[in-house]
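Subject: Structure for your review

Dear colleague,

Please find below the structure that I am handing over to you.

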Amino acid sequence: MFNLRKVLLGIFMLLSAVAFAQVRTLKGKVESSKGPLKGASVSIENGGGTFTEEDGSFSIEAPAKQVVLNISYVGFTDIRRVVKADESDITLLLEESSGKGNLGEVVVVAMNIKQKAKSLVYATQNVKTAELIEARDPNNILNSLQGKVANVVVTQSSAGVGGDARFILRGNRSLTGNSSALIVVDGIPLGNNVGDPGIQPDNIESVTILNGASGAALYGTAAGNGVIVISTKKGKANKLTVNVNSGAVFESPFALPKMQNTYGQGSAGTLDATAGDSWGAKMDGQSYTDYLGNAASYSPQRDNVKDFFRNGLGLNNSISVSGGSEKVQTFLSYANNAVQGIVPNNNLISHIINLRLTNQITKKISTDAKVTYLRRDIKNRPRSGEGNTPVLDIYQIPRNVSTDQAKQFETLNSVGALTPTAWPSTQGGVYGNPYWANQRDLSAMGRDNIVGFLRVKYQITDWLSLTGSGNMDKATDQNDRRIYDGTWSWNNFPGGTYSDTLNTYTQKWFDVMLEGTNKIGNDFRINYNVGAIYLNNKVQSNSTTANGLSVADKFSLIYGSTLASSQLEQEVETQSVFGKLAVSYKEAIYLDASLRNDWISVLPAPHSVMYPSIGTSVIISELVKLPKSISFLKANLNYAEVGNGGQFGLLSPYYNYSPGVGAGAIYRNSTLPFYDLKPELVKSIEAGVQARFLNNKLGFTLNLYKSNSTNQLLTLTVPVGIGYSTRYINAGDIQNKGVELQVSATPVSRKNFSWNIDFNLGMNRNKVLKISNDISVVRYGHGDWGGYPQAAVGGSFGDMTGAQWYKNDKGQFVVSAEGKPITTADMGLTPQVIGNPNPKATMGLTNSVTYKRFSARILVDGRVGGEVISGTEMNLSFSGITDATLKYREGGWNLGAVDANGQPVTNTITAQEFWQSVSSKRFGTGEFFVYDATNFRIREFSVAYDIPLNNNKYVKAVRLSAVGRNLLWLYRGSSKLNIPGLEKRKMWFDPDMTLGNGNFQGVEYGALPSTRSIGLNLQVTF
């Protein structure tokens, strides 16, 4: 690999040092018959461009000679205006389109390149920034995109406040890697914050989704899963603006298990105060001695689960100042976010300081510089899933145990150390007192993140420019874990466990790009970009754990009985060159092609991989006379190849050191070096149609696509005799194909009243075409909890296999002689596919209404199809906790099934016998707990009022909004299996919540409940 970094640094320094003559500032306004137009595109022919402000004003640097301006806005006719050398302040009037509509707005696409939307040869989606600010998600901005983007599945991790999100565009692709979309901010990919961009919504200027490979191709190896392009705000010339945003939202659990409140502790109808299961006697308020040895009333505790959770609170406050002169513009902001999670002691506080400076130094030289500092502290992020975790522990609480009883979770022993009190566990050593788990298994996570860039642009001629930039992204995470002595599952050492971990991630990015545009005659225009990138990613981790403390619960490494340390350092270097060529004919036919070549240090020599793309689009309405009702018609077709990473450390053997007797020991890694490693490759073809009707009052975009992901990185076992136990291979072919539809309509548009509708629909079909000659299935997870997700040849990514209720050849359910279900596991049969979590369709419908100073917006979204296994319900049903276990407690349950010989079985069973036979507590028969994940809900709702100011000299605008998220279910699916004698159960959990961001999806197990939020938001502009 040649030293591209030095070349880029040299060009960057040269750009920074050059100075040339003066330029003039061209100012003006863009208006329509209805008033100023905000967001209209204003560009100099063969030069730069900008967008108009709230009042329609714009300011742009122009050569000191006659220039040509191109102005465009959605729904209005483009105009081309010659501006003489002595003109400096102009007013431009756009007329609404009457026949041939257009999409004249400019969007930011890959590598910070700006293009007119109508010229794009691939699919993009834009999200209105106002919708991210008002009804914002207090935990992660990616959650706020749910329902607003076609064909995306957003799932939230069960990590409490500040948790990551999984953002899947057009289906899962990577068998063993990451399928989430790449996040790019101001042209720079984020390498560390995979599931959380850490951006203040108030600072966002635009959000563009590059759905497919063609739009993402210029990002090469990182862009196989699509790209979220975020552009942040800059300062504005000759205009001082101060924006203040303050909001508060209150959260509560949105979905909790349905518990029975008739029977309490015990088994077979007999009260046992030491038991964790709730199969005991009816609760009639009788006196008994509880598990703590105290006199108590044996009564139902209907709210003992709900009372464990608290009301969450999210506070966001931000202030920004924007302004400057013709030469220098500044944008400065500060944001403070404080979030109190619904799990006690789980809190987040963050501070974000952002400074951006743009300068027009000379006629030829301009700069753009930004620095952002983020400080985030998260206290006591709850463990999720299995093994003495707060959520699964509280769900296990016996139905007669009160909150006050449970809160007596600790005592002092004879030497003054904290000790857990007795607890009626449903399974000793696994599920403990939730209050102990919450208050004596503690964590503190702190992050310092500084991101900055300096971009220098040299306008060589009116039609050619050279831009260089340098970027630094450094994040330092410090994690502190304190596990008290006596904590089940997580502490196996006397005195407790303490760990201190420091992780540092550093990304350095340098690039240079030559950008030009030329006209060839009157009909042809050519735009081109040529550039190079140097990227260096470095990860360092240092961790020390005290396995046991010589003084109980004294959390310091100096008290560690046995210290275990680990250190990790990884560094990956990528050098890239790229080119992009766009040719247009009469602004109606477009041809767009790009090529990027990456040289990546994790790949074997020559380290090279290439990613091409090519596409075309035709604006039919510009070439053919169409009926007057058709305002705009466009078709496009494209093909591209992009990548999806390459794993570090596979090219050569490496050795580990383990301290021990004497000088310790050195041992070699057990994985055979992979000398032929290739990154995953995604090949995609896409076709689309875009149309607008009735003077742009109605429009739609339809996209069809197919992608194939190959070169998947898989692990195989090898014969022990070769000295290794595993090896990697590149194999697999995962196909996704589907359709995306976006519809927009303006049924009413009047001076005082308007109504807008936006609808999106996405359907994706996934198929595993091939894995390898050696293996035909890849499984995920380490415990089935009702099912194992897998990818198997002929199936779909994420298919869940599990045990079923055994049926004979006639399709009849089979039971034992006692009347209990016989499962396929009892018969020794291989688990079969019982569901897939990926929806058949996703959709979102937004209605926005304005009346004078009032506005309202409601977003309804949903998913159709897909299944999820409730491992939580499976676990709780074994212990008689769920509402479904209430019926047949006294017996008399006949399942109407047959025995192994096909003869009807007349024996009856009790509910306890049934549920314990199909659950087995943690590893049960998944088919009984599979739910149809179809659901529709009111995702967002906001009502706003623009307060009149009576020409206030200082305050320009005040907007007060009432907001809500996850307000209520409109529809939700039910259990899939028809169990004789029981009604189908409604899905009680939220399929948007997941245990993590990896490929183990579709099995709900001890996940934190999602939340409903209601609040107020105030925006003031000075």
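Arg455 counts as buried, with a relative accessibility of 12%; buried means under 20% relative accessible area, exposed over 50%, and partly exposed in between (1.4 Å probe, protein chains only). This is a predicted model, in which local features need pLDDT of at least 70 and side-chain atom pairs count only at pLDDT 80 or more, while totals for chains, interfaces and linings use all residues. Residues are numbered from 1 along each chain as its sequence is written, and side-chain values use heavy atoms, with hydrogens and water left out.

Arg455 forms a salt bridge with Asp368 at 4.0 Å, N to O; the term denotes a side-chain nitrogen of Lys or Arg within 4 Å of a carboxyl oxygen of Asp or Glu. This pair links strand β29 (residues 441-459), which holds Arg455, to strand β26, which holds Asp368, across 87 residues. Strands (E, at least two residues) and helices (H or I, at least four) are DSSP runs, numbered from the N terminus.

Which residue also pairs with Asp368 in a salt bridge? It is Arg356, with the closest N and O atoms 2.6 Å apart. Arg356 lies in strand β25 (residues 347-360), 12 residues from Asp368. Asp368 is buried at 8% relative accessibility, and Arg356 is buried at 3%.

A network of salt bridges links Asp186, Lys234, Arg356, Asp368, Lys370 and Arg455. In total, the structure holds 37 salt bridges. Another of them joins Arg922 and Glu386 at 2.2 Å, N to O, and both residues are buried.

Yours sincerely
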